[in-house]
Amino acid sequence: MSKPALEISNLTVGYGDVSVLRGLSLEIGQGQLVALIGANGAGKTTLLRTTSGLLRPVSGSIRLQGQEMQGCAPHQVVETGFVQSPEGKQLFLDMSIRENLLVGAHNRRARAVRDQTLKEVFSLFPILEERQHLAAATLSGGQQQMVAVGRALMAKPKVLALDEPSLGLAPIMVDRLFESIARIRDLGVTILVIEQNVFKVLQLADYGYVLENGAISMQGSGSELLADSHLRSTYLGI
Ligand code: ATP
């Protein structure tokens, strides 16, 4: 059996004396689309920042493609293949769409295949090719989110992490974005999505985890989680 794409074991992380994650463990199989859900402030972004090497855990292990990442610098984590598209997109609004995308192809692995990857991103998001020379500021919120996802793809992720990609988007754009995320999974990229849009993300996900009180409280296939009464009352208000 192949190694998990990402395997996090017993991770404890905090800010100062306050622990946010307390012994969290999860696993993402190669090629899977996995959702992580949890209330505001549960620690989802903290998990991504720790996996990216931006925060140092107190203890625990983070294995990417079988390789221990704990203690690695952020650029080494990207080079190994964990790439995140941060919450709030964080584009360079005065720069062109093309320039924003090329920023993503900074690591050695990605630079070597930059032109080919740009073609793949443009075929996923044709509107970005049409408007590539315009400033990112001229795009709608949904189109800017496409640039943020495209920029992460330019880094050639083995595991792509998306932090709240649907935040602030109109419903029609949310549907299109989720379709694109499914297509990226179909291209063979392993994906971890953090989402407040619990219903939509669990409809799409191969597997999901629920983060409560600093650890995983529940896990299962998207359909299993959607059928769970605690999840329905806590996260769907049903
Ligand atoms: P959201 O859905 O609101 O983005 P989240 O699940 O991503 O929430 P985190 O952003 O990881 O949650 O925050 C987890 C907890 O850590 C929160 O209580 C937050 O206030 C706290 N926290 C986050 N960043 C810092 C920081 N730099 N210093 C101190 N506490 C922080």
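Predicted model: local features only at pLDDT ≥ 70, side-chain atom pairs only at ≥ 80, totals over all residues.
1. **Leu160 and its partners.** Beyond its neighbours within four places in sequence, Leu160 touches Val83, Ala152, Leu153, Ile184, Val189, Thr190, Ile191 and Leu192. Leu160 also belongs to the largest nonpolar core, where it is listed with the residues that touch the most other members.

2. **The largest core.** This core holds 47 residues. Leu101, Leu128, Leu160, Ile184, Ile191, Leu202 and Leu231 are the members with the most contacts to other members. Helix H7, residues 141–154, supplies the largest share, with seven residues.

3. **Overall fold and dimensions.** The chain has 11 helices and 10 strands. For 238 residues, a compact globule would have a radius of gyration near 18 Å; the chain has 17 Å, so the two agree. The C-alpha trace spans about 45 × 40 × 40 Å along its principal axes.

4. Of the 238 residues in the chain, 50% are buried. Take the contacts with a separation of 6 or more: 67% of them join residues 24 or more positions apart.

5. Is Asp163 buried or exposed? Its relative accessible area is 3%, under the 20% cut-off, so Asp163 counts as buried. Asp163 sits in strand S7, residues 159–163. Leaving aside neighbours within four places in sequence, its contacts are Thr45, Leu48, Ser85, Pro86, Glu87 and Ile194. Gln67 is 96 residues from Asp163 along the chain, and their C-alpha atoms are separated by 23 Å.

6. **Glu164, positive phi.** Glu164 lies in the loop between S7 and helix H8 (171–186). Its phi is near 55°, a positive value in a residue other than glycine. Most residues other than glycine have a negative phi. Glu164 is buried because its relative accessible area is 6%. A colleague checking backbone angles can look here.

7. **Asn213, positive phi again.** Asn213 is not a glycine either, yet its phi is positive, about 50°. Where is Asn213? It lies in the loop between strand S9 (207–212) and strand S10 (215–220). With 69% relative accessibility, above the 50% cut-off, Asn213 counts as exposed. Glu164, by contrast, is buried.

8. **Gly222.** Gly222 belongs to helix H10, residues 222–226. At 2% relative accessibility, Gly222 is buried. Which residues does Gly222 touch, not counting those up to four places away in sequence? They are Leu202, Ala205, Asp206 and Tyr207. Leu202 is also one of the residues with the most contacts to other members of the largest core. Leu93 is 129 residues from Gly222 in sequence and 35 Å from it in space, C-alpha to C-alpha.

9. **Ala42.** The loop between strand S3 (33–37) and helix H1 (44–51) holds Ala42. Its relative accessible area is 13%, so Ala42 is buried. Beyond neighbours within four places in sequence, Ala42 touches Val20, Leu21 and Leu211. Leu211 is 169 residues away in sequence, yet the C-alpha atoms of Ala42 and Leu211 are 6.5 Å apart.

10. **Pro57.** Pro57 is in the loop between H1 and strand S4 (59–64). At 12% relative accessibility, Pro57 is buried. What does Pro57 contact, leaving aside its neighbours within four places in sequence? The partners are Leu11, Thr12, Val13, Thr50 and Gln70. Leu11 is 46 residues from Pro57 along the chain, and their C-alpha atoms are separated by 6.9 Å.

Conventions. Residues numbered from 1 in each chain as written. Heavy atoms only, no water. Helix = DSSP H or I, 4+ residues; strand = E, 2+ residues; numbered from the N terminus. Rg over C-alpha atoms; globule rule 2.2 N^0.38 Å. Buried < 20%, exposed > 50% of the residue type's maximum accessible area, 1.4 Å probe, protein only. Contact = heavy atoms within 4.5 Å. Core = buried A, V, L, I, M, F, W, Y, C linked by side-chain atoms within 4.5 Å.
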